[in-house]
Amino acid sequence: MTSKIIGVGNYIPPETITNLFFDKHNFINKSGESLTESNAIIASKLKEITGIEERRYASNDQVTSDLGLIAAQAAIDDAGIDPETLDYIIFAHNFGDVRFGTVQSDTVPSLASRVKHLLKIKNNFCVAYDVLFGCPGWIEGVIQANAFIKSGIAGRCLVIGAETLSRVVDIHDRDSMIYADGAGAAILEVSNDESGIQSHVSASFTLKEKDYLFFGKSYNNEKCPDTKYIKMEGRKIYEFALSNVPDAMKKCLDESGYEINQLDKIIIHQANEKMDEAIVKRFYQLYDTPMPENIMPMVINKLGNSSVATIPSLLTMILNGELPSHQIDKGDVVLFASVGAGMNVNAFVYKF
């Protein structure tokens, strides 16, 4: 017995932020010195490395739970279910609700509880809780939902991934150009056929890698001495991902019983286009097989890195026919994978 996805939904925020938005920013380095390159060159290099041309920001009156609610309602509508039949609502995020113009994270009550309240669910035995697992949070939520369903604890679960990273970035750090806002969600229930989750893998690397992504002070110590923002060791993350994600993907595929040539799509966390391409190429090298064309859908160029929202948002776009060059048909085998703060790595193989 396993679980399958019966409905998906996403929310792509309305504010389109092009790279020109950062033209007047004062980017400085860790030492507090202004970068010598012009912002135009910095933006050009960002596009070349990450593929990002645009990203989406939430409206000023929205917070993360608002985005999650919209995606959740879309998934419920897509599945055609009564939300009162949900046994679990699992909400993956990292920073809670951060209102525009503030720096305080609000996580009490949980964002899952807020969504349950806004959905007007009366069933007290619908359990709502949050998952903080870095960018792989939505996949981890799916893995947990699958465990609940396989064990008989739950019959139907809603898993949400939403984030407003635009609210926690240091405007003086050029890495702030990578981050975006968004939300995605899926409904899972028991599968009575061969479809659904076939295998999964999760790992947390904390001995040496714990602080590759962290909350740290602004590079502008004079104007922002006490506020902390999301920070990352980009080179270390890149090397970590290339060393560990392909192995996790291989372990997951091998445990599924499917062969490498049976994979139809790989849906990977949209963090950095070149890094994702390198990860997938190395994954195929582990099987002495060239990376097939069109195996890896990418939307990072227009949507940026919205953390836990990237994978469920992308899945929804594909299933809704919004990406003409990509489709998923019944019987297709798809490998999902992610990497992020922790450092955490996870994956699951799914048959549609």
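The paragraphs below lead through the strands, helices, aromatic pairs and single residues of a predicted model.

Residues are numbered from 1 along each chain as its sequence is written, and side-chain values use heavy atoms, with hydrogens and water left out. In this predicted model, local features need pLDDT of at least 70 and side-chain atom pairs count only at pLDDT 80 or more, while totals for chains, interfaces and linings use all residues.

Helices (H or I, at least four residues) and strands (E, at least two) are DSSP runs numbered from the N terminus, and two strands pair if DSSP finds at least two bridges between them. On these terms, four strands in the order β8-β13-β12-β11 make up an open sheet whose pairing is mixed. Its edges are taken by β8 (196-204) and β11 (265-268), each of which has a single partner strand, so that one side of each is left without a neighbour in the sheet. On average, and with direction ignored, neighbouring strands of this sheet are turned by 15 degrees against each other; the axes behind such angles are lines fitted to C-alpha atoms, for helices over the stretch in contact, and the angles run from 0 to 180 degrees between N-to-C directions. Within the sheet, β12 (residues 333-340) and β13 (residues 344-351) are joined in the antiparallel sense by eight bridges, and one of the residues concerned, Val 334, has Tyr 350 of β13 as its bridge partner.

Helix α4 (residues 137-151) packs on this sheet, where it touches β8, β12 and β13, and its direction makes about 55 degrees with that of β13; contact here means heavy atoms within 4.5 Å. Helix α6 (residues 273-285), by comparison, lies across β11 and β12 and runs at about 135 degrees to β11.

Five of the five residues of β4 are buried, so the strand is largely enclosed by the rest of the structure, where buried means under 20% relative accessible area, exposed over 50%, and partly exposed in between (1.4 Å probe, protein chains only). Tyr 88, Ile 90 and Ala 92 point one way from β4, and Ile 89 and Phe 91 point the other way. Five bridges join β4 to β5 (residues 127-131) in a parallel arrangement, with Phe 91 standing opposite Asp 130 in β5. Between these two strands the chain passes through helix α3 (residues 111-118), and this β-α-β crossover is right-handed, a term that applies if, with the strands pointing away from the viewer, the path from the first strand over the helix to the second runs clockwise. Five bridges also join β4 to β6 (residues 156-164), again with the strands running parallel, and in β6 the bridge partner of Phe 91 is Ile 160.

The aromatic side chains come next. Rings of Phe, Tyr and Trp (its six-membered ring) pair if their centres lie within 6.5 Å, and planes under 30 degrees apart count as stacked, over 60 as edge-to-face and the rest as tilted. The count by this rule comes to eleven aromatic pairs. In one of them, the ring centres of Phe 21 and Tyr 57 are 6.1 Å apart and the planes stand at 85 degrees, so the pair is edge-to-face. Since Phe 21 lies in the loop between β2 (15-18) and α1 (39-50) and Tyr 57 in strand β3 (residues 54-57), the pair ties together parts that are 36 residues apart in sequence. Phe 21 is partly exposed, with a relative accessible area of 43%, whereas Tyr 57 counts as buried at 12%. Phe 205 and Phe 240 also form an edge-to-face pair, 5.0 Å centre to centre with 85 degrees between the planes. Phe 205 lies in the loop between β8 and β9 (213-217) and Phe 240 in helix α5 (residues 234-256), so this pair ties together parts that are 35 residues apart in sequence. Phe 205 is partly exposed at a relative accessible area of 26%, and Phe 240 is buried at 5%.

Leaving aside residues up to four places away in sequence, His 172 touches Asn 26, Phe 27, Ile 28, Ser 218, Tyr 219 and Asn 220.
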